[in-house]
Protein chains: 2
Amino acid sequence: MRTVEKATLVNKMNGALALRSEINDFVDNFYKQGFTNICWLGIGGTYASSMQAVIHMKEKTALETFYQNAAEYLVTGNKRITDKTLVITSSVTGNTVEVVDAVKEISKIGATILGFIDDENAALASMVSKSISYPENEQLKFFMVADRFMYLTGEFPDYEEFYQELDDHFAEDIANIEVNADKLAEPFAQQHHDDDIHYFVGAGNQWGATYSYAMCYWEEQHWIKTRAIEAAEFFHGMFEIIDRDTPVTVYVGEDSQRPLSERVAKFLPEICGNYTIIDTKDYELPGISEKYRGTLSPFVFHAINNRIDANIEHINRHPMDIRRYYRALKY
Amino acid sequence: MRTVEKATLVNKMNGALALRSEINDFVDNFYKQGFTNICWLGIGGTYASSMQAVIHMKEKTALETFYQNAAEYLVTGNKRITDKTLVITSSVTGNTVEVVDAVKEISKIGATILGFIDDENAALASMVSKSISYPENEQLKFFMVADRFMYLTGEFPDYEEFYQELDDHFAEDIANIEVNADKLAEPFAQQHHDDDIHYFVGAGNQWGATYSYAMCYWEEQHWIKTRAIEAAEFFHGMFEIIDRDTPVTVYVGEDSQRPLSERVAKFLPEICGNYTIIDTKDYELPGISEKYRGTLSPFVFHAINNRIDANIEHINRHPMDIRRYYRALKY
């Protein structure tokens, strides 16, 4: 089974946090020029991170910000994207075709494009207005951009305090959660590695991550069927198919939408005997103020999900790198 | 089995189309006052119709328009909704608690609220700035509002021509499709009424309808598991769980996102032997110009889906009015 080394996790996270000064130089300069809106562009996993960034900003901001699916942009366009727009995108390989093509089109319009392109040699890195290359941590990168904007608008007055706490404690805290997560992840994987279908419920800044965890991990990498549902939508039709044996996992975070997930977590045991509630309140983040925990909930879930993946991968003897169709066939 | 009478369908649709003058009086007056954006508010089925309205507008407009989940508004808020916003919502009963509560909060902010409240005696009808009461046809009502705005901005110069064609031919055309839809619906229902899970793929102005058809009809009313997926996202993880026997239905409409659904429809037969492609191009709409067919695709699918429902309801001897949890338990 894949293991996890705390020092590696700490270093990776601190490296991501250290991108902040480069991000801020870019955002501060862009902000001064004047702009009308902020667009998060992606597809698949990046599309999901984009949803998270928008919900994260909605907590505080009056700025216009939205996410845009790259493939949909190529056929429908989006007239809100102009030369006064900042488009933020991300790509590990830099060769996701829909993102590359959308960036080409958006460049013609004159929008400013910030790209987190992990492979700095990818062509995409030279097509964006500004490229920042550092592996993984897409959500944190997006949140750092979002937070800087909200600092500049005056909507995040304790920005410095928040990031001081992150710089001092977050990498250590989140690494500790991951290295200890097998306590939950191992029995969870034993119980669910052979599910016909697994339901995942999420809300707020965890909804995008719930969508992508179900799709990009269980469906794509474990080949297990899933259905992700927003907590607010759970009660509007979908829950009629839940019965005693339906496997359901509910992510209960600490952002403003916690009551929506709590409502599901509270009701679910009345109709389902095969549920799991993962609540960030059960996890300590020493050195992090109570008021910031909501923003950080997705990272707690991510650390836990990583270990669920490692356990399922081992039990099912299904290496997560295998794809039967994705980038393997022509489509 | 529920049958369908053409004259009834025609009358219902013509009644909905006749709402246009009342809608236009309201929109024209609101437009003159000046505004910053248009928000579509809903939950469950209305949330889905809201997604459709936004995609419909994106085809043409530079206006800022977005959808907002009512339950999420209650906990996170949305600072883009101000006293310069038009909020449009809809409710059959007028007592969907999340919508009622969100309308109360939004009223305090001073936003203008247009409500399509089917029950004109519901309290909600007196809480909105303007209420219009007529049964069903939520998507058409939303599209008529959207289209009037785009007419006023000059983004829909052939608005009058389009609605002339609708007034003259649409009710008859769409009723003809529904009364003849058992040709597809009956064998489809025979094949899929007992599916463990059914996958629905949609794009563009059909995506919201795909989401709600899977959730509000198959899950809620037939108690059959489903997974709805945007065509653009199909290739980004989800399709790895598709194999020979996985039941998949692809809606291929004629709006700008047709190429996204076509891509799925073209590839799917290589990995799946249990698929159905429903393509609006196979259905005639006499008297409707080619260029307007894309806007009308969701109505074609809706007519077909109605007959799939009637057939599944009968085969499964599961009356669609039965709910085990929804509005039956406290949650």
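**Figure 1. Length of helix α5 of chain A in the predicted model.** Just after α5(A), A:Gly110 adopts a positive phi of about 95 degrees.

**Figure 2. Buried residues of α5(A) and their surroundings.** The buried residues of this helix are A:Glu98, A:Val99, A:Val100, A:Ala102, A:Val103 and A:Ile106. An α-helix has 3.6 residues a turn, so residues three or four places apart point the same way. Within chain A, the buried residues of α5(A) pack against β1 (37–42), α4, β3 (85–91), β4 (112–117) and α6 (123–127), and they also pack against α12 (258–267) of chain B.

**Figure 3. The interface of chain A and chain B.** Chain A contributes 63 residues to the contact and chain B contributes 63 residues, and the area buried between the two chains is about 5,800 Å², with carbon and sulfur atoms giving 53% of that area.

**Figure 4. Salt bridges and polar contacts between chain A and chain B.** Across this interface there are 4 salt bridges, including the one between B:Arg227 and A:Glu219, whose closest N and O atoms are 2.9 Å apart. Between the chains, 34 residue pairs are in polar contact, counting pairs with both residues at pLDDT 80 or more. Among the elements that give two or more residues to the side of chain A that touches chain B are α3 (45–58), α10 (207–222), β7 (225–230) and α12 (258–267) of chain A. The residues on that side of chain A comprise 30 nonpolar, 13 polar and 20 charged.

Conventions
Residues are numbered from 1 along each chain as its sequence is written. Chains are lettered from A and ligands numbered from 1 in the order in which they are written. This is a predicted model: local features need pLDDT of at least 70, side-chain atom pairs count only at pLDDT 80 or more; totals for chains, interfaces and linings use all residues. Side-chain values use heavy atoms; hydrogens and water are left out. Contact means heavy atoms within 4.5 Å. Buried area is the accessible area (1.4 Å probe) that two parts lose on being put together, summed over both. A salt bridge is a side-chain nitrogen of Lys or Arg within 4 Å of a carboxyl oxygen of Asp or Glu. A polar contact is a pair of N or O atoms within 3.5 Å; within protein, one must be able to donate a hydrogen and the other to accept it, and residues adjacent in sequence count only if both atoms are side-chain atoms. Helices (H or I, at least four residues) and strands (E, at least two) are DSSP runs, numbered from the N terminus. Ala, Val, Leu, Ile, Met, Phe, Trp, Tyr, Cys and Pro count as nonpolar, Asp, Glu, Lys and Arg as charged, and the others, Gly among them, as polar. The expected span of a helix is 1.5 Å times one less than its number of residues. Buried means under 20% relative accessible area, exposed over 50%, partly exposed in between (1.4 Å probe, protein chains only).
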